[in-house]
Amino acid sequence: MLFRSIALNDAKAAEVFAVPPALAGMAQMAVTQSDSFPMKLVKVANGVYQAQSFRHHSLVVEFPTFVAVVEAPYLDTQTRMLAQQIAKDIPNKPIKYAAVTHFHYDHIGGVRAMAALGATILVAKEHEPALKKVLDAPHTHPPDDLQKAGSKAGKMEVYEGRKVIKDGAQSLELIPFTGSPHVE
């Protein structure tokens with residue numbers, strides 16, 4: 001026999017599955033506001049921030065005249081919230097670049113929304129075929145942000161080897177990660 005006892009309606013079990021009040025508040029916001037997604041920028045170094053969200057974080061690098069984001073957030077909504085937070089915390093600097101490390105959805109889910117904002121999507125040559133499909137696919141029913149942006153949308157820039165973005169004293173170096181079955 002595997003069970004010693006069975007209890008119905010156990011109060012301790014209900015506590016385990018109780019929704020924390022802060023999370024319940026976020027859920028209520030998500031239901032009542034179409035573009036609600038908690039987002040904050042946490043400084044980790046001078047001009048470098050971790051964009052912390054409910055799920056799937058991004059890296060934000062501030063340059064003297066623009067911002068670069070590494071990892072397009074998981075959803076278009078999360079990308080819009082990230083853009084709003086960047087505009088609030090790092091005003092008057094557009095998101096010029098959005099780099100993705102590999103083509104899994106949790107790293108590129110918001111790449112179309114990033115392109116719609118006018119960001120140049122930086123992608124390693126190895127991942128170009130997958131990202132090209134995502135960015136080139138029509139999304140017309142209903143139109144998504146990229147479809148609506150039309151010619152104002154950012155384009156994809158493919159790099160091989162290292163890609164260095166530099167402005168003033170700030171730089172960001174992108175190096176394709178290879179040799180891992182996770183990203184190949």
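This is a predicted model: local features need pLDDT of at least 70, side-chain atom pairs count only at pLDDT 80 or more; totals for chains, interfaces and linings use all residues.
**Ground rules.** I number residues from 1 along each chain as its sequence is written, and I leave hydrogens and water out, using heavy atoms for side-chain values.

**Overall build.** I looked up the secondary structure and found seven helices and nine strands, taken as DSSP runs numbered from the N terminus (helices H or I, at least four residues; strands E, at least two). The C-alpha trace spans about 65 × 40 × 40 Å along its principal axes. Of the 184 residues, 38% count as buried, where buried means under 20% relative accessible area, exposed over 50% and partly exposed in between (1.4 Å probe, protein chains only). I then checked contacts, meaning heavy atoms within 4.5 Å: of those with a separation of 6 or more, 58% are between residues 24 or more positions apart.

**Cores.** I next asked which residues touch the most other members of the largest nonpolar core. A nonpolar core is a set of buried Ala, Val, Leu, Ile, Met, Phe, Trp, Tyr and Cys residues joined through side-chain atoms within 4.5 Å. A second, separate core holds 13 residues, including F66, Y159, I165 and L172.

**Rings.** I found two aromatic pairs in the structure. Rings of Phe, Tyr and Trp (its six-membered ring) pair if their centres lie within 6.5 Å, with planes under 30 degrees apart counted as stacked, over 60 as edge-to-face and the rest as tilted. The F63 and F66 rings have centres 4.6 Å apart and planes at 20°, so I record that pair as stacked. F66 and Y97 form the edge-to-face pair, at 5.7 Å centre to centre and with 75° between the planes. F66 lies in the loop between strand 3 (58-62) and strand 4 (67-70), whereas Y97 is in strand 5 (residues 95-99), so this pair ties together parts that are 31 residues apart in sequence. Ring pairs thus link F63, F66 and Y97 into a cluster; F63 is buried at 1% relative accessibility, and both F66 and Y97 are buried.

**Backbone exceptions.** Most residues other than glycine have a negative phi, and most peptide bonds are trans. Against that background I noted N9, whose phi is near 55°; N9 sits in the segment before helix 1 (11-16) and is exposed at 80% relative accessibility. E71 also has a positive phi, of about 85°, but E71 lies in the loop between strand 4 and helix 3 (76-89) and is buried at 11%. The peptide bond from H141 to P142 is cis, with omega near 0°, and P142 is in the loop between helix 6 (128-136) and helix 7 (145-149).

**H107.** Is H107 buried or exposed? With a relative accessible area of 16%, H107 is buried, and I place it in helix 4 (residues 105-108). Leaving aside neighbours within four places in sequence, H107 is in contact with E71, A72, V100, T101 and H102.
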